[in-house]
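Hi,

Here is the structure I said I would pass on to you.

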Amino acid sequence: MVLRTETGSSWSVNIVANTGGDKLCRGWSAFVIDNGINKGDNTHAPIMQNIPMQFIRENSLSYLTDEKMVLRTETGSSWSVNIVANTGGDNLCGGWSAFVIDNGINKGDICEFKLMSRLEMWVQVTPNPKAASRTSSDGPLSCPPRNAEVKLRTVKPELEHVIQNALKAADASSIGPPSFLTKMQRYNVEYGRILNIPMHFVRENSLSYCTDEKMVLRTETGSSWSVNIVANTGGYKLCGGWSAFVIDNGIKKGDVCEFKLMSRLEMWVQVTPNPKVASRTSRNGPLSCPPRNAEVKLRTVKPELEHVNIVANMGGYKLCGGWSAFVSDNGIKKGYVCEFKLMSRLEMRVEVTPKL
(Lines give C-alpha, C1' and ligand atoms only; values in the text may rest on other atoms or scores of the structure.)
Protein backbone atom coordinates (compact mmCIF):
# COMPACT_ATOMS: atom_id res chain seq x y z
CA MET A 1 0.00 0.00 0.00
CA VAL A 2 1.38 3.43 -0.93
CA LEU A 3 0.64 6.19 1.62
CA ARG A 4 0.90 9.83 0.56
CA THR A 5 0.71 13.08 2.53
CA GLU A 6 0.00 16.65 1.48
CA THR A 7 3.78 17.26 1.20
CA GLY A 8 3.78 15.00 -1.86
CA SER A 9 6.00 12.37 -0.14
CA SER A 10 5.06 8.69 -0.26
CA TRP A 11 5.74 5.55 1.80
CA SER A 12 5.37 1.88 0.78
CA VAL A 13 3.71 -0.18 3.53
CA ASN A 14 3.12 -3.94 3.61
CA ILE A 15 -0.43 -5.31 4.05
CA VAL A 16 -1.04 -8.36 6.24
CA ALA A 17 -4.39 -10.07 5.72
CA ASN A 18 -6.17 -11.93 8.56
CA THR A 19 -9.70 -12.93 9.55
CA GLY A 20 -10.22 -9.89 11.77
CA GLY A 21 -9.36 -7.40 9.04
CA ASP A 22 -6.26 -6.39 7.11
CA LYS A 23 -3.38 -4.54 8.75
CA LEU A 24 -0.63 -2.18 7.65
CA CYS A 25 2.66 -3.48 9.07
CA ARG A 26 6.19 -3.19 7.70
CA GLY A 27 6.77 0.40 6.57
CA TRP A 28 4.06 1.85 8.84
CA SER A 29 6.67 2.52 11.56
CA ALA A 30 8.72 4.67 9.15
CA PHE A 31 5.57 6.57 8.15
CA VAL A 32 4.73 7.28 11.84
CA ILE A 33 8.27 8.46 12.66
CA ASP A 34 8.72 10.60 9.53
CA ASN A 35 5.41 12.40 10.14
CA GLY A 36 5.82 12.75 13.92
CA ILE A 37 2.56 10.95 14.69
CA ASN A 38 1.83 10.49 18.41
CA LYS A 39 -0.73 8.55 20.40
CA GLY A 40 -4.11 10.27 20.20
CA ASP A 41 -3.32 12.11 16.95
CA ASN A 42 -6.14 12.04 14.39
CA THR A 43 -5.01 10.78 10.98
CA HIS A 44 -7.34 11.60 8.11
CA ALA A 45 -7.38 11.95 4.37
CA PRO A 46 -5.32 14.97 3.20
CA ILE A 47 -6.91 18.10 1.78
CA MET A 48 -6.63 17.90 -1.99
CA GLN A 49 -8.22 19.21 -5.19
CA ASN A 50 -8.96 16.94 -8.13
CA ILE A 51 -8.31 18.11 -11.70
CA PRO A 52 -11.17 16.41 -13.60
CA MET A 53 -10.15 13.92 -16.27
CA GLN A 54 -12.59 15.53 -18.72
CA PHE A 55 -10.74 18.86 -18.42
CA ILE A 56 -7.37 17.13 -18.84
CA ARG A 57 -8.56 15.40 -22.03
CA GLU A 58 -10.23 18.48 -23.55
CA ASN A 59 -7.04 20.53 -23.09
CA SER A 60 -4.57 17.74 -24.01
CA LEU A 61 -2.82 18.01 -20.65
CA SER A 62 -0.38 15.51 -19.20
CA TYR A 63 1.28 15.73 -15.79
CA LEU A 64 3.83 13.74 -13.82
CA THR A 65 3.75 13.21 -10.06
CA ASP A 66 5.71 15.92 -8.18
CA GLU A 67 5.41 18.52 -10.94
CA LYS A 68 4.43 21.93 -9.53
CA MET A 69 1.27 23.88 -10.39
CA VAL A 70 1.34 27.62 -9.60
CA LEU A 71 -1.99 28.98 -8.32
CA ARG A 72 -2.59 32.76 -8.41
CA THR A 73 -5.39 34.93 -7.02
CA GLU A 74 -6.51 38.54 -7.57
CA THR A 75 -4.36 39.59 -4.57
CA GLY A 76 -1.26 39.01 -6.70
CA SER A 77 -0.05 36.21 -4.40
CA SER A 78 0.95 32.78 -5.69
CA TRP A 79 1.20 29.26 -4.28
CA SER A 80 3.26 26.30 -5.56
CA VAL A 81 1.23 23.07 -5.29
CA ASN A 82 2.36 19.49 -5.93
CA ILE A 83 0.64 17.43 -8.61
CA VAL A 84 -0.05 13.74 -7.99
CA ALA A 85 -0.90 11.85 -11.20
CA ASN A 86 -3.30 8.91 -11.21
CA THR A 87 -5.66 7.14 -13.59
CA GLY A 88 -8.82 8.84 -12.31
CA GLY A 89 -7.55 12.38 -12.85
CA ASP A 90 -4.66 14.31 -11.35
CA ASN A 91 -4.77 15.78 -7.83
CA LEU A 92 -3.33 18.96 -6.31
CA CYS A 93 -1.88 17.90 -2.95
CA GLY A 94 1.20 19.31 -1.20
CA GLY A 95 0.70 23.08 -0.96
CA TRP A 96 -3.05 22.90 -1.61
CA SER A 97 -3.71 22.91 2.15
CA ALA A 98 -1.72 26.15 2.53
CA PHE A 99 -3.67 27.69 -0.38
CA VAL A 100 -6.98 26.75 1.27
CA ILE A 101 -5.94 28.16 4.67
CA ASP A 102 -4.36 31.36 3.33
CA ASN A 103 -7.48 32.17 1.31
CA GLY A 104 -10.00 31.24 4.01
CA ILE A 105 -11.67 28.60 1.89
CA ASN A 106 -14.69 26.88 3.41
CA LYS A 107 -17.02 24.06 2.43
CA GLY A 108 -19.60 25.25 -0.11
CA ASP A 109 -17.44 27.96 -1.71
CA ILE A 110 -17.26 28.04 -5.51
CA CYS A 111 -13.93 28.24 -7.36
CA GLU A 112 -13.26 28.94 -11.00
CA PHE A 113 -9.88 27.71 -12.18
CA LYS A 114 -8.58 29.38 -15.36
CA LEU A 115 -5.69 27.65 -17.14
CA MET A 116 -3.15 30.39 -17.97
CA SER A 117 -0.45 27.94 -19.06
CA ARG A 118 0.26 24.23 -18.57
CA LEU A 119 1.57 24.74 -15.02
CA GLU A 120 -0.26 27.92 -13.99
CA MET A 121 -3.87 28.53 -12.99
CA TRP A 122 -5.77 31.66 -11.97
CA VAL A 123 -8.27 30.95 -9.18
CA GLN A 124 -11.38 33.11 -8.64
CA VAL A 125 -13.38 32.31 -5.51
CA THR A 126 -17.08 32.99 -4.84
CA PRO A 127 -18.12 32.44 -1.21
CA ASN A 128 -21.03 30.20 -0.28
CA PRO A 129 -24.07 32.56 -0.23
CA LYS A 130 -25.64 30.53 2.58
CA ALA A 131 -22.76 31.37 4.90
CA ALA A 132 -24.17 34.79 5.80
CA SER A 133 -21.58 35.57 8.42
CA ARG A 134 -18.68 35.14 6.04
CA THR A 135 -17.44 38.25 4.23
CA SER A 136 -14.23 37.05 2.57
CA SER A 137 -14.33 36.11 -1.12
CA ASP A 138 -11.24 33.93 -1.24
CA GLY A 139 -11.84 30.18 -1.50
CA PRO A 140 -12.32 27.23 -3.96
CA LEU A 141 -14.69 24.26 -4.27
CA SER A 142 -14.53 21.03 -6.23
CA CYS A 143 -16.88 20.21 -9.10
CA PRO A 144 -16.89 19.35 -12.82
CA PRO A 145 -15.39 21.76 -15.44
CA ARG A 146 -16.87 23.62 -18.40
CA ASN A 147 -15.21 24.09 -21.73
CA ALA A 148 -11.58 25.23 -21.65
CA GLU A 149 -11.80 26.85 -18.22
CA VAL A 150 -12.00 24.74 -15.09
CA LYS A 151 -15.29 26.11 -13.72
CA LEU A 152 -16.17 24.15 -10.62
CA ARG A 153 -19.76 23.50 -9.54
CA THR A 154 -21.19 21.73 -6.52
CA VAL A 155 -22.81 18.34 -7.02
CA LYS A 156 -25.64 19.20 -4.62
CA PRO A 157 -28.80 19.87 -6.69
CA GLU A 158 -30.23 22.35 -4.16
CA LEU A 159 -27.33 24.74 -4.86
CA GLU A 160 -27.50 24.48 -8.65
CA HIS A 161 -29.36 27.80 -9.12
CA VAL A 162 -26.92 29.58 -6.79
CA ILE A 163 -23.95 28.30 -8.77
CA GLN A 164 -25.48 29.26 -12.10
CA ASN A 165 -26.07 32.82 -10.87
CA ALA A 166 -22.52 33.06 -9.53
CA LEU A 167 -21.03 31.87 -12.82
CA LYS A 168 -23.19 34.25 -14.84
CA ALA A 169 -22.16 37.15 -12.61
CA ALA A 170 -18.50 36.19 -13.04
CA ASP A 171 -18.84 36.03 -16.82
CA ALA A 172 -20.73 39.34 -16.94
CA SER A 173 -18.23 41.25 -14.86
CA SER A 174 -15.13 39.55 -16.37
CA ILE A 175 -13.72 38.88 -12.92
CA GLY A 176 -9.97 38.47 -13.08
CA PRO A 177 -6.69 40.11 -12.16
CA PRO A 178 -6.59 43.84 -11.29
CA SER A 179 -6.14 45.95 -14.40
CA PHE A 180 -6.09 49.47 -15.79
CA LEU A 181 -6.81 50.94 -19.24
CA THR A 182 -4.65 53.50 -21.00
CA LYS A 183 -5.46 55.27 -24.25
CA MET A 184 -2.16 55.73 -26.08
CA GLN A 185 -0.98 59.32 -26.46
CA ARG A 186 1.85 60.64 -28.61
CA TYR A 187 4.35 60.52 -25.74
CA ASN A 188 3.49 56.83 -25.24
CA VAL A 189 4.16 55.75 -28.82
CA GLU A 190 6.10 58.48 -30.64
CA TYR A 191 8.14 60.95 -28.61
CA GLY A 192 10.02 59.69 -25.58
CA ARG A 193 7.91 56.51 -25.45
CA ILE A 194 7.14 56.00 -21.78
CA LEU A 195 4.11 54.62 -19.97
CA ASN A 196 2.87 55.84 -16.59
CA ILE A 197 1.47 53.27 -14.15
CA PRO A 198 -1.52 55.12 -12.60
CA MET A 199 -0.97 56.08 -8.96
CA HIS A 200 -4.44 54.91 -7.94
CA PHE A 201 -3.62 51.46 -9.36
CA VAL A 202 -0.34 51.37 -7.42
CA ARG A 203 -2.12 52.30 -4.17
CA GLU A 204 -5.08 49.95 -4.63
CA ASN A 205 -2.78 46.98 -5.16
CA SER A 206 -0.14 47.98 -2.55
CA LEU A 207 2.64 48.02 -5.14
CA SER A 208 6.14 49.30 -4.56
CA TYR A 209 9.03 49.32 -7.04
CA CYS A 210 12.65 50.44 -7.23
CA THR A 211 14.24 52.08 -10.26
CA ASP A 212 15.75 49.54 -12.71
CA GLU A 213 13.52 46.68 -11.59
CA LYS A 214 12.17 44.80 -14.63
CA MET A 215 8.49 44.42 -15.52
CA VAL A 216 7.66 41.53 -17.88
CA LEU A 217 4.92 42.35 -20.42
CA ARG A 218 3.15 39.47 -22.18
CA THR A 219 0.60 39.40 -25.01
CA GLU A 220 -1.79 36.78 -26.42
CA THR A 221 0.88 35.79 -28.96
CA GLY A 222 2.89 34.21 -26.13
CA SER A 223 5.78 36.67 -26.60
CA SER A 224 7.25 38.64 -23.70
CA TRP A 225 9.21 41.87 -23.26
CA SER A 226 11.37 42.98 -20.30
CA VAL A 227 10.80 46.68 -19.53
CA ASN A 228 12.65 48.92 -17.07
CA ILE A 229 10.75 50.59 -14.22
CA VAL A 230 11.65 54.13 -13.18
CA ALA A 231 10.46 55.30 -9.75
CA ASN A 232 9.86 58.97 -8.97
CA THR A 233 7.74 61.08 -6.65
CA GLY A 234 4.82 61.12 -9.09
CA GLY A 235 4.62 57.32 -9.40
CA TYR A 236 6.23 54.75 -11.66
CA LYS A 237 7.02 54.68 -15.37
CA LEU A 238 7.87 51.96 -17.88
CA CYS A 239 10.81 53.19 -19.99
CA GLY A 240 13.67 51.11 -21.40
CA GLY A 241 12.14 48.26 -23.39
CA TRP A 242 8.73 49.95 -23.70
CA SER A 243 9.70 51.35 -27.12
CA ALA A 244 10.47 47.83 -28.41
CA PHE A 245 7.11 46.62 -27.08
CA VAL A 246 5.29 49.45 -28.90
CA ILE A 247 7.08 48.81 -32.21
CA ASP A 248 6.80 45.01 -32.11
CA ASN A 249 3.05 45.21 -31.45
CA GLY A 250 2.34 48.01 -33.93
CA ILE A 251 0.77 50.23 -31.25
CA LYS A 252 -0.44 53.64 -32.47
CA LYS A 253 -1.82 56.83 -30.95
CA GLY A 254 -5.44 56.29 -29.95
CA ASP A 255 -5.09 52.55 -29.39
CA VAL A 256 -6.32 51.30 -26.00
CA CYS A 257 -4.13 48.98 -23.91
CA GLU A 258 -5.44 47.01 -20.95
CA PHE A 259 -2.75 46.03 -18.45
CA LYS A 260 -3.60 43.05 -16.20
CA LEU A 261 -1.41 42.52 -13.13
CA MET A 262 -0.55 38.80 -13.05
CA SER A 263 2.10 39.19 -10.35
CA ARG A 264 4.15 42.06 -8.91
CA LEU A 265 6.55 42.10 -11.87
CA GLU A 266 4.40 40.65 -14.63
CA MET A 267 1.56 42.14 -16.68
CA TRP A 268 -0.66 40.76 -19.44
CA VAL A 269 -1.35 43.39 -22.12
CA GLN A 270 -4.40 43.38 -24.41
CA VAL A 271 -4.21 45.89 -27.29
CA THR A 272 -7.39 47.23 -28.94
CA PRO A 273 -6.85 49.29 -32.13
CA ASN A 274 -8.28 52.79 -32.37
CA PRO A 275 -11.78 52.20 -33.81
CA LYS A 276 -11.69 55.55 -35.60
CA VAL A 277 -8.91 54.34 -37.90
CA ALA A 278 -11.35 52.37 -40.08
CA SER A 279 -8.94 51.60 -42.88
CA ARG A 280 -6.38 49.99 -40.62
CA THR A 281 -6.60 46.19 -40.78
CA SER A 282 -3.22 44.93 -39.62
CA ARG A 283 -1.40 45.03 -36.27
CA ASN A 284 1.88 43.97 -37.90
CA GLY A 285 3.21 47.22 -39.30
CA PRO A 286 2.65 50.83 -40.31
CA LEU A 287 0.20 52.04 -42.96
CA SER A 288 0.86 54.31 -45.92
CA CYS A 289 4.59 54.61 -45.30
CA PRO A 290 7.77 52.57 -45.75
CA PRO A 291 9.56 51.24 -42.63
CA ARG A 292 12.64 52.74 -41.10
CA ASN A 293 15.97 51.07 -40.30
CA ALA A 294 15.56 48.46 -43.08
CA GLU A 295 16.72 47.81 -46.60
CA VAL A 296 13.91 46.06 -48.39
CA LYS A 297 12.66 43.97 -51.27
CA LEU A 298 9.08 44.79 -52.18
CA ARG A 299 6.59 42.04 -53.07
CA THR A 300 2.95 42.27 -54.05
CA VAL A 301 0.40 39.45 -54.20
CA LYS A 302 2.09 38.53 -57.49
CA PRO A 303 5.14 36.24 -57.22
CA GLU A 304 7.45 38.89 -58.72
CA LEU A 305 9.65 41.03 -56.47
CA GLU A 306 11.38 44.36 -57.08
CA HIS A 307 14.56 45.74 -55.54
CA VAL A 308 14.39 49.30 -54.24
CA ASN A 309 17.33 51.42 -53.07
CA ILE A 310 17.33 53.11 -49.68
CA VAL A 311 18.83 56.53 -49.02
CA ALA A 312 19.67 57.40 -45.40
CA ASN A 313 19.50 60.98 -44.16
CA MET A 314 19.09 62.93 -40.91
CA GLY A 315 15.31 62.59 -41.03
CA GLY A 316 15.30 58.81 -41.48
CA TYR A 317 15.29 56.64 -44.63
CA LYS A 318 13.75 56.95 -48.08
CA LEU A 319 12.92 54.47 -50.85
CA CYS A 320 14.34 55.84 -54.11
CA GLY A 321 15.85 53.93 -57.04
CA GLY A 322 13.39 51.24 -58.08
CA TRP A 323 10.42 52.78 -56.26
CA SER A 324 9.25 54.50 -59.45
CA ALA A 325 9.23 51.17 -61.31
CA PHE A 326 7.31 49.54 -58.44
CA VAL A 327 4.68 52.30 -58.58
CA SER A 328 4.29 52.02 -62.37
CA ASP A 329 4.19 48.21 -62.45
CA ASN A 330 1.45 48.08 -59.81
CA GLY A 331 -0.61 50.99 -61.17
CA ILE A 332 -0.40 52.93 -57.89
CA LYS A 333 -2.13 56.32 -57.98
CA LYS A 334 -2.48 59.30 -55.64
CA GLY A 335 -4.88 58.46 -52.82
CA TYR A 336 -4.17 54.71 -52.89
CA VAL A 337 -3.31 53.06 -49.56
CA CYS A 338 -0.25 50.82 -49.31
CA GLU A 339 0.27 48.49 -46.38
CA PHE A 340 3.89 47.40 -45.86
CA LYS A 341 4.41 44.13 -43.96
CA LEU A 342 7.97 43.41 -42.82
CA MET A 343 8.71 39.78 -43.80
CA SER A 344 12.41 39.99 -42.91
CA ARG A 345 15.00 42.74 -42.46
CA LEU A 346 15.42 43.09 -46.23
CA GLU A 347 11.99 42.17 -47.52
CA MET A 348 8.49 43.65 -47.31
CA ARG A 349 5.15 42.49 -48.71
CA VAL A 350 3.02 45.35 -50.03
CA GLU A 351 -0.77 45.27 -50.24
CA VAL A 352 -2.26 48.01 -52.43
CA THR A 353 -5.82 49.24 -51.86
CA PRO A 354 -7.29 51.58 -54.52
CA LYS A 355 -8.79 54.87 -53.41
CA LEU A 356 -12.38 54.39 -52.29
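To start you off: is E266 buried or exposed? E266 is buried, with a relative accessible area of 14%. The cut-offs here are under 20% relative accessible area for buried, over 50% for exposed, and partly exposed in between, using a 1.4 Å probe and protein chains only.

Before going on, a word on the source. This is a predicted model, so local features need pLDDT of at least 70 and side-chain atom pairs count only at pLDDT 80 or more, while totals for chains, interfaces and linings use all residues. Residues are numbered from 1 along each chain as its sequence is written, and side-chain values use heavy atoms, with hydrogens and water left out.

Salt bridges

The structure holds five salt bridges. The term stands for a side-chain nitrogen of Lys or Arg within 4 Å of a carboxyl oxygen of Asp or Glu.

E266 forms a salt bridge with R218, and their closest N and O atoms are 2.6 Å apart. E266 sits in strand β18 (residues 266-272) and R218 in strand β14, so this pair ties together parts that are 48 residues apart in sequence. By the way, the strand and helix labels are DSSP runs numbered from the N terminus: helices are H or I with at least four residues, and strands are E with at least two. R218 counts as partly exposed, at 30% relative accessibility.

Next, find R72 and E120, whose side chains meet in a salt bridge (2.5 Å, N to O). R72 belongs to strand β6 and E120 to strand β10, so parts that are 48 residues apart in sequence are tied together by the pair. R72 is buried at a relative accessible area of 13%, and E120 counts as buried at 15%.

Then there are E67 and R118, with side chains that meet in a salt bridge (2.8 Å, N to O). E67 is in the loop between α2 (53-58) and β6 (68-72), and R118 is in the loop between β9 (110-117) and β10 (120-126), so the pair ties together parts 51 residues apart in sequence. E67 is buried, with a relative accessible area of 18%, whereas R118 is partly exposed at 37%.

Around β7

Strand β7 (residues 78-84) is mostly covered, as five of its seven residues are buried. β7 pairs with β6 in the antiparallel sense over five bridges; two strands count as paired if DSSP finds at least two bridges between them. If you want a spot to look at, L71 has W79 in β7 as its bridge partner. The hairpin of β6 and β7 has five residues between the strands, and G76 there takes a positive phi near 95 degrees. β7 is also joined to strand β8 (residues 90-92) by two bridges, and these strands run antiparallel. Here the bridge partner of V84 is N91 in β8.

Most residues other than glycine have a negative phi. Against that background, which phi does S206 take? Its phi is near 50 degrees, a positive value in a residue other than glycine. S206 is found in the loop between α6 (199-204) and β14 (214-218), and it is exposed, with a relative accessible area of 67%.

D212 is in the loop between α6 and β14. The phi of D212 is near 80 degrees, a positive value in a residue other than glycine, and D212 is exposed at 55% relative accessible area.

Cheers
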